[in-house]
Amino acid sequence: MGSGKTRANPTNRPTVRHPSHDHPLRVFKSQEGDEIICSGCELELIGQAYKCTKSECSYFLHKSCFNLPGETLHKSHPNHPLTLVHSPPYDQSIFSCDACGEHGSGFAYHCSNCQYDVHVGCAFVPETVKREDHEHPLTLLYNTPCKGSEDGVTFICDVCEEDMQENLWVYYCKECDYGTHVRSCATYEDTAPKKGEEKGETSSAASEMKSEMDAKMEMAIMQAQLDAIDAAATMASRKPSVRHPSHNHPLRGHKALAEEEIICSGCDLDLIGAAFKCTKSECDYFLHKSCFDLPRETRHKSHPDHPLTLLYSPPYDSSTYECSACSEYGSGFVYNCSICQFDLHVGCISMPESVEREGHEHPLTLLYCSPYTNGLIFNCDVCQETVPDHLWSYYCKECDYGTHLHSCEVEEEEEPKRGGGKASTSGNKGGGRGSAASELAAMLEAQREMERMQIELHMEMQRAKIAKKARKACLKLI
């Protein structure tokens, strides 16, 4: 028989909150084979940590990342304190670390005055380290020893033999003029002598052989890389990943085709054209570019007393909400007034103040309540259904003609399909918010030209980078 003690239920463990995440977290012990990445420092996570209590949410934090100080004074940036931010404070949702030069999309220590950013992992690297391939301790420097040199000397890492930007941090031995990147280099295991050996011909030959192999590989794949870059205008997956606070995984650019039948996770409408998708192959999270850029707060004529706040999920236990404009339910993004329990689809909030319909000669004006104030019942002139007094409608006062806010299913059967008419409902499954889909599609089309220009700029930068690598590779072969 047992001792009478009951095993603790993991779901009953105390939960904690962290300002970086919307859901509660609980204690978690990561095993070596789990291959989990910390959502804060973006490094591998093993041992004591925290994880999201939602089973479908893959948000994890090192215990040390959970307890990071909100502000720190760092020797690398003595003029201003660095503030901990839980996501990059830039439009691209990524930052370039001023310590190691690598990009990041998680936590960062940031100076808003100087646009200075450091990975949280880099911020706490030790001031001295001991390497097996060098006899003396290496001291941390916050720029290379060649910085400010008038003769144009470039500092080269003694491990990977790559040129280093003069403003990056290095570990350096002044006595031997020996230095390395602040983070261990990929070739370290290949070139470092075993403990007890002297650094000499073996290490040097291995390094030389690897450099030669790298150069040949660079030459062989250079043309393939250039071809891939030329095709990148139609391959959004080659764009850098970005973060959005509505989703736990990074997103990348995606061009959605009509036959894919994708639904935007923000507005719940059909998605065609330029968009963002989750970088995880098993995750079907998509966002219109316009939904990605929605303002966090807005004022709207339909609710003049209070601002509306953008929420990424409904603030109710049912995880759904009823739109105060069209009365349809939603489960994605919502503009919400917590004081009045007033909720709007992000598609409804962007409806135009007037529209034209092929079945009526005059423009229809957007109303935020029934056009009748004398107790009469307002019926939609398309589907003949009663429109509740508090719902929005499109109305022509001159003809006493009005419709639901969104195109009715009856209209799809009665109206001939046309290519791009303002009241067309084609592409809207089962009726509903077809007009809102058209509005969002128009917004996306307007943004495509800018996106193409950004891609072309990215291509030019990539070509220049590859050309530089090719020149270095050729020099190594000489």
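Strands, like helices, are DSSP runs numbered from the N terminus, a strand (E) having at least two residues and a helix (H or I) at least four. The model described here is predicted, so local features need pLDDT of at least 70 and side-chain atom pairs count only at pLDDT 80 or more, while totals for chains, interfaces and linings use all residues. Residues are numbered from 1 along each chain as its sequence is written, and side-chain values use heavy atoms, with hydrogens and water left out.

Strand S1 spans 25-30, and the loop between this strand and strand S2 (36-37) holds Glu35. Ser30 belongs to S1. Ser30 counts as buried because its relative accessibility is 3%, buried meaning under 20% relative accessible area, exposed over 50% and partly exposed in between (1.4 Å probe, protein chains only). Glu35, in contrast, counts as exposed because its relative accessibility is 69%. The C-alpha atom of Ser30 is separated by 9.6 Å from that of Lys51, 21 residues apart along the chain.

Thr365 takes part in both pairings: it is the bridge partner of Ser354, and its own bridge partner in S31 is Tyr395.

How values were computed
Pairing = 2+ DSSP bridges.
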